[in-house]
Number of protein chains: 2
Amino acid sequence: MEKNPASVGIVKTEYFTIEEKIQLESGVQFGPVQVAYETYGVLNEQKDNAILLLHALTGDAHAAGYNSENDKKPGWWDDMVGPGKAFDTNKYFVISSNMLGGCSGTTGPCSINPDTGKPYGLDFPVITIEDAVKVQKKLVDFLGVKKLIVAGGSMGGMQALEWSIAHPDMVDAVIIIASTSRLTAQGIAFNAVGRNAILSDPDFNNGDYYDKEKQPERGLAIARMVGHITYLCEESMHNKFGRRFQHSDRPNFDFNVDFQVESYLEHQGRVFVDRFDANSYLYITKAVDYFDLAAKYGSLKNAFEKTNARFLVMSFTSDWLFPTSQSKEIVQALIKAGKDVSFCEIESPCGHDAFLLEFETQTKIVKSFLAKGEPND
Amino acid sequence: MEKNPASVGIVKTEYFTIEEKIQLESGVQFGPVQVAYETYGVLNEQKDNAILLLHALTGDAHAAGYNSENDKKPGWWDDMVGPGKAFDTNKYFVISSNMLGGCSGTTGPCSINPDTGKPYGLDFPVITIEDAVKVQKKLVDFLGVKKLIVAGGSMGGMQALEWSIAHPDMVDAVIIIASTSRLTAQGIAFNAVGRNAILSDPDFNNGDYYDKEKQPERGLAIARMVGHITYLCEESMHNKFGRRFQHSDRPNFDFNVDFQVESYLEHQGRVFVDRFDANSYLYITKAVDYFDLAAKYGSLKNAFEKTNARFLVMSFTSDWLFPTSQSKEIVQALIKAGKDVSFCEIESPCGHDAFLLEFETQTKIVKSFLAKGEPND
């Protein structure tokens, strides 16, 4: 089947289980952990042509292609992954896994706690970006990978940074898009509002809602609506919706949806609750809030001292959630630490979401960056 | 009592009732309307030294001084109103009233519907900024005012603009601070999330909650938290809170409040529900969303053609909710319409809230603007 001439086609999500307990950053010993992952392309004999893709807040292992003939949409970074694409599956063995704490096949709060036979809920331990990378490392070892390139947008970029620091002898190159080494106070604030909406939903029931008639859908939808405002920007909202009304050319004079932008947000909230778990939203936003390389290592320069990788850092002009200034902080610290870094700020009206949309420009830049590390033909 | 040497002292909130029905913009005939108001200073014999202050989203009639000896805080613009202050009560008769639809003494959804003997709830008609100004006009006529200056920040600025257009023969001067002639799509989006949080709170009970055991406090608190993020800016949040933890120097590894910025937002949400009504929040944000002078008059220039007032427009560098670009739109339209306009962008790290905080700079600019219209000594 060739839905798209450069598609990786039909792929199956695979599962790998880490049986031994993992030492989490909080001090908790946790396990077993199942990891959902997909791979595209073939690992070479030297086991050094791997690219590990790291998803954003609500992503999953399904980065490219289709899981079945009937899928309407391909994976979340399908524009970037496939034969001849930015992450060229003719050359590279591309790996994508669902993050620890997620709800798409990797162990998270909705998974069954073997000690109780019931979903973990809030008994799931609070996790960090570092913990997520620990799990990914086990997967990569299991797959036999010796050297790899790590790449991710948004929260995925945080994981890529952590990879380069935690496993300097393994990571050859790092691609960070629309990301940061630590969230701003404003970023924490937006996440806090989303968590508050979930925690205060009476159907949340202290996280124990999986077998209940009602789920905390209202709180999760509001969290998603807040999130979507931050993923776009005023310019993209203006271009997409402006002040246009949804149903007519004048106000409803009631509290139904009036404006197109309201309709869009409500739709985003509604569809999100069908695919995402409220507890996972709590855990993963918390992991994002905690991530702070400068605090952990004394300075961002110190954090990067040990890395041996080449870096590509990209940001977007209209991204106000993870603004260019934060990418520049990373770049400056890498330069101070004497590392090899390329930086590009891409002109885009798409806000933070640009890393999922501006694939043509990203493709050119990523290809050129990767080519520098490839053997000459 | 002189809590503050330049305070207006103890003031009493007064009430005025419009008995006849008012024609609202939606077409509904509505009344009676009670208006809560305060005045500071004395109306002169010519009845032309009045300044009408117009409050922002959640403000009230109590702009200056103290309502009782025991009040801990003065009115919301006390720094700007009093003897010798920007709005100098030695010279001017300053009026402030609670907006139609509010919950601080002026008729709103929490008021008793005389037809049923119960609070209006969602039977209260949807109102607009224009409707609010109609009510204010009745109050000003009742007080015997012939000529006036109108001044307001944020939503108050919208009302001031409407005043200058609706009553060109009465308005001598207009002071607009951190305001706009229409909300951006992003602004509507933030309001929509706030309304959604209230509407989806199970205790909202379709707006009929006044005699119930539980009120929609969770939804209203979330709406307020979202609002507060937009009233500050990343710079002010960084300066106030940064990434500092609330209780220790390391993460809690739980879902209690970790960061200072979370604690601040939760506090703001908590105290807000004690002083504000969820239904009023719905109605007033809707009025703000609807306000659009360019759409109503064909263009902003057309909207201002009839005004006879002098204008002072002020914005703040870090205000991203009502950004300087929107103030400039107003200024440019006024210039095109041949009106007298002064504009000042004030350097401030306080975000949108600057109009409530940067009183020293505002005082200088307002005094200088008002002096131009005052008779020489």
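Reader: How many residues does the contact take from chain A and from chain B?
Author: This is a predicted model, in which local features need pLDDT of at least 70, side-chain atom pairs count only at pLDDT 80 or more, and totals for chains, interfaces and linings use all residues. Residues are numbered from 1 along each chain as its sequence is written, with chains lettered from A in the order in which they are written. Two residues are in contact if their C-beta atoms, placed from the backbone, lie within 7 Å. On that criterion the contact takes 41 residues from chain A and 41 residues from chain B.

Reader: Which element gives the largest share of the side of chain A that touches chain B?
Author: Helices are DSSP runs (H or I, at least four residues), numbered from the N terminus. Those giving two or more residues to this side of chain A include helix 3 (185-199) and helix 7 (278-290). The largest share, eleven residues, comes from helix 3 of chain A.

Reader: At what angle do helix 1 and helix 2 of chain B pack?
Author: Axes are lines fitted to C-alpha atoms, for helices over the stretch in contact, and angles run from 0 to 180 degrees between N-to-C directions. Helix 1 (residues 129-142) and helix 2 (residues 155-166) of chain B have their axes 9 Å apart. Angles of 65 to 115 degrees count as roughly perpendicular, so helix 1 and helix 2 of chain B are roughly perpendicular to each other. The packing angle is about 70°.

Reader: Which residues of helix 1 of chain B make the contact with helix 2 of chain B?
Author: Helix 2 of chain B contributes B:M158, B:Q159, B:E162, B:W163 and B:A166. From helix 1 of chain B come B:I129, B:E130, B:A132 and B:V133.

Methods. Parallel < 35°, antiparallel > 145°, perpendicular 65-115°, else oblique.
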